[in-house]
Amino acid sequence: MSHPRKDLDTLIHSPVRFSLLAALRNLEETDFRFLADLLEVSDSTLSQTLTVLLEAGLVDVRKEAAGRRTRTWVSITDAGRDAFNRHLTTLRAIIDSGPDHPSTHTPEEDPS
């Protein structure tokens with residue numbers, strides 16, 4: 001039997017990418033500035049994170065002219081939502097794979 005951690009999506013497991021997908025999961029679409037503030041990351045970090053997730057097909061990024069500036073809108077794709085939900089399922093499986101009740105395990109009890 002394989003430990004469920006082996007099913008974690010390493011692309012999503014990064015704290016910033018995980019947090020970003022978690023936020024997008026409950027939003028239809030949001031702008032770059034809102035996400036940067038929400039996640040408490042620099043513009044550069046958010047931009048790099050979005051590039052990775054965009055290349056993987058987990059988010060969509062749309063740019064729109066707003067006066068003399070460009071406003072960036074971000075949304076999660078169906079593939080991103082599915083990948084995030086699988087990742088959550090794996091995290092729950094890891095939690096559930098532990099002992100059912102608290103106990104003390106000492107090395108001399110280990111049969112191996």
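**Exercise 1. Find how many bridges join S1 to S3, and work out how the sheet is laid out.**

Solution. Start with S1 and strand S3 (residues 69-76): two bridges join them, and they run antiparallel. Helices (H or I, at least four residues) and strands (E, at least two) are DSSP runs, numbered from the N terminus. Two strands pair if DSSP finds at least two bridges between them. A quick word on what you're looking at: this is a predicted model, where local features need pLDDT of at least 70, side-chain atom pairs count only at pLDDT 80 or more, and totals for chains, interfaces and linings use all residues. Residues are numbered from 1 along each chain as its sequence is written, and side-chain values use heavy atoms, with hydrogens and water left out.

Next, pick out a bridge: threonine 30 has valine 74 in S3 as its partner. Then move to S2 and S3, which pair in the antiparallel sense over eight bridges. Here arginine 62 stands opposite tryptophan 73 in S3. Put together, the three strands make an open sheet in the order S1-S3-S2, with antiparallel pairing. The edges are S1 (30-31) and S2 (59-66), each pairing on one side only. Helix H4 (residues 43-55) packs on this sheet and touches S2 and S3, and its direction makes about 125 degrees with that of S2.

**Exercise 2. Describe how H2 packs with H5.**

Solution. First the geometry: helix H2 (residues 15-24) and helix H5 (residues 78-96) have axes 11 Å apart, at an angle of about 115 degrees. Axes are lines fitted to C-alpha atoms, for helices over the stretch in contact, and angles run from 0 to 180 degrees between N-to-C directions.

Now the residues. Phe18, Leu21 and Ala22 come from H2, and they meet Phe84, His87, Leu88 and Leu91 of H5. Contact means heavy atoms within 4.5 Å. By class, that gives six nonpolar residues, one polar and no charged ones.

**Exercise 3. Is threonine 77 buried or exposed, and which residues does threonine 77 contact?**

Solution. Locate threonine 77 in the loop between S3 and H5. Threonine 77 counts as buried because its relative accessibility is 13%; buried means under 20% relative accessible area, exposed over 50%, and partly exposed in between (1.4 Å probe, protein chains only). Then look around its side chain: a polar atom there lies 2.7 Å from the backbone oxygen of glycine 57, and a polar atom of that side chain lies 2.9 Å from the backbone nitrogen of glycine 80. Leaving aside neighbours within four places in sequence, threonine 77 is in contact with Gly57, Leu58, Val59 and Asp60.

How values were computed: Ala, Val, Leu, Ile, Met, Phe, Trp, Tyr, Cys and Pro count as nonpolar, Asp, Glu, Lys and Arg as charged, and the others, Gly among them, as polar. A polar contact is a pair of N or O atoms within 3.5 Å; within protein, one must be able to donate a hydrogen and the other to accept it, and residues adjacent in sequence count only if both atoms are side-chain atoms.
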